[in-house]
Amino acid sequence: MRGIGRLKAALWEIAVRRLAPRPVSWSQQDRDSLHWFDEPRLPLQPHGLAVPAFGLREAAGTGELDMFLGIGDSWAHLANAFLPPDPVVLDIGCGCGKMARFLALNPSLRYVGVDVFEPSILWCRRAFERYADRFRFEHLDVHSQVYNPQGRLPASEARLPVADRATDLVICGSLFTHLHEPDARRYLGELARVLSDRGGALVSLHVEPPPGQAYAGDEWRIDVDEAYFLEMARAAGLAPVERIGKVYGQTVHLLGKA
Ligand SMILES: C[S@@+](CC[C@H](N)C(=O)[O-])C[C@H]1O[C@@H](n2cnc3c(N)ncnc32)[C@H](O)[C@@H]1O
């Protein structure tokens, strides 16, 4: 009986592996329709929030469902540690709501998510519709060779769609890992503009540039020397507050207003 059971399990596994649709990478999908797809294994539950399909998750760093949920959960808890009551949060490079879906559970939190990858923004607007009174998602139409090749403005001239000094916490999870140096300097300047006097920004970095280089890579992956980045932050009117440490392989810093 046991032998038959094991044989059945093995046959079942082979069938599932063969027959299960293979996840399709976002780079091979039509960008205009990406935002319509939800994860078929996690159908929408009553009062639930849809989970984006593989392609959108992959465009936001990882297609793996467990990593998507694990990283979002960790970042939301990290953000929570620095939030005042009734906080206003700005999430730059928000992707398809990996962090927003957990932040939405705080009923007094107001949130703006911005991203250059329009399918993610369109998906978020649909999925977060019932949070629309406190959650806003904006497409930033700046050029990115990888994420928004038709973008109108250079990223070095980007302006975030939020008022001066009105944000308590800015989240930049794996944003600076995709920005060339002039663009990163511009975004740091924008952080200084939008943060309230007691506000903070959580930024994650890859910190292994090749020897002799302080800032290296392309839009797929940027590495920066940590001390060099903190100097860039100071030059933009920010002050390093705390080195948080590694979160899922990226080094996170908390910055404040200088
Ligand atoms: C690795 S993903 C991380 C997404 C999200 N923070 C998360 O953890 O799921 C990087 C995100 O940054 C966005 N991005 C890249 N360049 C950007 C820019 N110049 N301005 C705003 N977002 C940008 C990409 O479209 C992508 O969604």
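Q: The expected span of a helix is 1.5 Å times one less than its number of residues. How far does α3 reach from its first C-alpha to its last?

A: Helix α3, residues 65-80, has 16 residues and reaches 22 Å, close to the 22 Å expected. Helices here are DSSP runs of H or I with at least four residues, strands are E runs of at least two, and both are numbered from the N terminus. Keep in mind that this is a predicted model: local features need pLDDT of at least 70, side-chain atom pairs count only at pLDDT 80 or more, and totals for chains, interfaces and linings use all residues. Residues are numbered from 1 along each chain as its sequence is written.

Q: Got it. Which residues of α3 are buried?

A: F68, I71, G72, W75 and A79. Buried means that 20 or more other C-beta atoms lie within 10 Å of a residue's own; 12 or fewer makes it exposed, anything in between is partly exposed, and the C-beta atoms are placed from the backbone.

Q: Where do they sit around the axis of α3?

A: They are on the same side of α3, because they cover an arc of only 100 degrees around the axis. That arc is taken from the directions that run from the helix axis to the C-beta atoms. On the other side of α3, D66 and H77 are exposed.

Q: And what covers the buried residues of α3?

A: Several elements do, including the helices α2 (54-59) and α4 (100-103) and the strands β1 (88-92), β5 (195-205) and β8. This rests on contacts, meaning pairs of residues whose C-beta atoms, placed from the backbone, lie within 7 Å.

Q: Let's switch to the core. How many residues does the largest nonpolar core have?

A: It has 62 residues, and those with the most contacts inside it are V89, V170, I171, C172 and L191. Helix α6 (residues 181-194) gives the most to this core, with six residues. A nonpolar core is a set of buried Ala, Val, Leu, Ile, Met, Phe, Trp, Tyr and Cys residues joined through C-beta atoms within 7 Å.

Q: What is V89 in contact with?

A: Leaving aside neighbours within four places in sequence, V89 contacts A79, L103, L109, Y111, D168, L169 and I171.

Q: Which loop holds S174?

A: S174 is in the loop between β4 (167-172) and α6. Its phi is near 55 degrees, a positive value in a residue other than glycine.

Q: Why does S174 count as buried?

A: Because S174 has 23 C-beta neighbours inside 10 Å.

Q: And Y248, what is its phi?

A: Near 45 degrees, again a positive value in a residue other than glycine. Y248 lies in the loop between β8 (238-247) and β9 (250-257), and with 15 other C-beta atoms within 10 Å it is partly exposed.

Q: New topic: the ligand. Which residues come nearest?

A: Of the 22 residues around the ligand, G61, G93, G95, K98 and F117 come nearest. A residue is near a molecule if its C-beta atom, placed from the backbone, lies within 6 Å of it.

Q: How does that shell divide by residue type?

A: Into eleven nonpolar, eight polar and three charged residues. Ala, Val, Leu, Ile, Met, Phe, Trp, Tyr, Cys and Pro count as nonpolar, Asp, Glu, Lys and Arg as charged, and the others, Gly among them, as polar.

Q: Back to F117: what about Y147, which residues is it in contact with?

A: Y147 is in contact with V116 and F117, leaving aside neighbours within four places in sequence. Y147 lies in the loop between β3 (135-139) and β4, and it counts as buried with 21 C-beta neighbours inside 10 Å.

Q: Last one: where is C96, and is it buried or exposed?

A: C96 is in the loop between β1 and α4, and with 32 C-beta neighbours inside 10 Å it counts as buried. Its contacts, apart from neighbours within four places in sequence, are P52, L56, R57, A60, S120, W123 and C124.

Note on methods. Contact = placed C-beta atoms within 7 Å.
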